[in-house]
Amino acid sequence: MQDLDVNEITDAVIEQMATTPDPRLKEIMEAAVRHLHDFARETNLTPDEWLKGIAFMTAVGQACTQYRQEFILLSDVIGLSRLVNVMHDSKGREAAGTETSLLGPFFREGAPKIPLGGTLAAVSKGTEIMLYGQVRDAEGKPVPHAVMDVWQTSEDGAYDLQAYDPGVMDMRGQLQCDAEGKFHFRTFRPLGYSIPMDGPVGELVRAQKRHGMRPSHIHALIAAPGYRELVTALYFGDDVNVGSDTVFGVSKSLVVMARKDLPDAPVPGMPSVRYDFTMSKDTDGSGGRVGADPSQLVPSGRVGSDPSKLMPAG
């Protein structure tokens with residue numbers, strides 16, 4: 001037994017965790033304890049502030065459902081998702097590879113399959129645009145039969161998980177490129193939108209006087225044997241928030257504009273976006289995906305608990 005001051009407590013905790021058999025868990029938890037303790041000392045954290053932080057994290061967990069991942073949203077708005085994504089990219093993306101972007105909290109497995117030239121719209125109505133191009137490797141060679149998952153908001157700025165029953169899939173689809181890696185599909189110009197502001201993360205964003213908006217964009221996840229999964233998104237350059245994305249997902253190379261005068265557009269005169277994606281070879285098997293379908297993180301059934309079991313009474 002020993003009396004611990006504000007500095008000695010950190011070493012005592014790390015010493016007690018020294019028996020952790022998993023070396024990576026040991027490394028991560030030791031670093032987490034050091035940084036958390038340093039944070040508390042640096043900010044002179046008060047008991048009231050500490051309890052407010054616990055209440056906030058509890059509320060974030062309680063907001064999660066099988067189709068809503070409030071913790072991913074929190075990670076997004078504080079830039080942690082982008083940071084992890086950039087670090088992951090630095091180890092596996094080839095220099096010529098397309099820059100990645102965030103998978104986001106609205107990706108869903110099992111999107112409906114659509115043919116080349118098909119549409120993402122199952123329910124929504126709007127003015128069509130065309131997205132087309134080619135999937136290539138870092139040497140510029142076609143990647144044949146790559147599989148693309150594509151998803152976005154509607155023209156009203158809502159994902160299907162926000163607008164409909166979870167059984168409805170809209171403005172998302174899966175298509176397979178042809179033997180030359182070429183693809184084309186119809187969709188609508190998505191509307192820039194606010195992140196979900198009806199939960200604890202939204203309250204935090206409002207308290208920080210941030211606008212909470214994401215610029216207009218279309219997500220893509222591209223896979224092919226022997227290649228690292230490419231998770232990215234295309235952002236429309238004329239959106240007012242393209243330079244201040246709340247979740248920090250925009251890169252200059254991913255900014256696009258729809259045009260009516262593209263000479264090789266599949267449908268002449270239709271507003272179209274051409275973008276050629278470059279995949280990186282999968283050299284270490286780590287994959288390119290950062291994030292997951294929310295339903296894969298939260299088991300079905302009860303979500304949350306009696307608050308009295310999570311917070312002290314009084």
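A crossing of two helices is left-handed if the near helix is turned anticlockwise from the far one by less than a right angle, and right-handed if it is turned clockwise. Helices here are DSSP runs of H or I with at least four residues, numbered from the N terminus. The model is predicted: local features need pLDDT of at least 70, side-chain atom pairs count only at pLDDT 80 or more, and totals for chains, interfaces and linings use all residues. Residues are numbered from 1 along each chain as its sequence is written, and side-chain values use heavy atoms, with hydrogens and water left out.

H1 passes H2 in a right-handed crossing. Helix H1 covers residues 8-16, and its axis lies 10 Å from that of H2, at an angle of about 165°. Axes are lines fitted to C-alpha atoms, for helices over the stretch in contact, and angles run from 0 to 180 degrees between N-to-C directions. The angle makes H1 roughly antiparallel to H2. The cut-offs are under 35 degrees for roughly parallel, over 145 for roughly antiparallel, 65 to 115 for roughly perpendicular, and oblique for the rest.

Which residues meet? From H1 come Ile9, Thr10, Val13 and Ile14, and from H2 come Glu30, Val33, Arg34, His37 and Arg41. Contact means heavy atoms within 4.5 Å. By class, this contact has 4 nonpolar, 2 polar and 3 charged residues. Nonpolar covers Ala, Val, Leu, Ile, Met, Phe, Trp, Tyr, Cys and Pro; charged covers Asp, Glu, Lys and Arg; the others, Gly among them, are polar.

## H3 and its partners

Helix H3 spans residues 47-63, and helix H4 spans residues 70-77. Their axes come within 7 Å and cross at roughly 125°. That makes H3 oblique to H4. H3 brings Phe56, Met57, Val60, Gly61 and Ala63 to the contact, and H4 brings Glu70, Phe71 and Leu74. The classes here are 6 nonpolar, 1 polar and 1 charged.

H3 also packs with helix H7, residues 200-207. The angle is about 130°, and the axes are 8 Å apart. H3 is therefore oblique to H7. Phe56, Ala59, Val60 and Ala63 of H3 touch Pro200, Val201 and Leu204 of H7. This contact has 7 nonpolar residues, no polar and no charged ones.

## Open pockets

Rolling a probe the size of a water molecule over the atoms shows where empty space is left. The search uses a 1 Å grid over the protein atoms alone. A pocket is an open set of points with protein on both sides within 12 Å along at least five of seven lines, whereas a cavity is a set of points where a 1.4 Å probe fits but cannot get out. Lining residues have an atom within 4 Å of a point. Grid points are joined across faces, edges and corners, and a volume is the space filled by probe spheres set on the points.

The largest pocket holds about 300 Å³ of space. Its lining is Leu36, Phe39, Ala40, Leu45, Glu49, Trp50, Gly53 and Ile54. Helix H2 (23-43) and H3 each give two or more of these residues. The largest share, 4 residues, comes from H3. The lining divides into 6 nonpolar, 1 polar and 1 charged.

The second largest pocket has a volume of about 200 Å³. Phe56, Met57, Phe71, Leu74, Ser75, Ile78, Leu80 and Leu204 line this pocket. Which helix gives the most to this lining? H4 does, with 3 residues. The lining has 7 nonpolar residues, 1 polar and no charged ones.

The largest cavity has a volume of about 100 Å³. Its lining has 16 residues, with Gly104, Pro105, Phe106, Tyr193 and Arg214 nearest the centre. By class, there are 12 nonpolar, 2 polar and 2 charged residues.

The second largest cavity holds about 60 Å³ of space. Its lining is Asp89, Arg93, Thr98, Thr100, Arg228, Glu229, Leu230, Thr278, Met279 and Ser280. These residues divide into 2 nonpolar, 4 polar and 4 charged.
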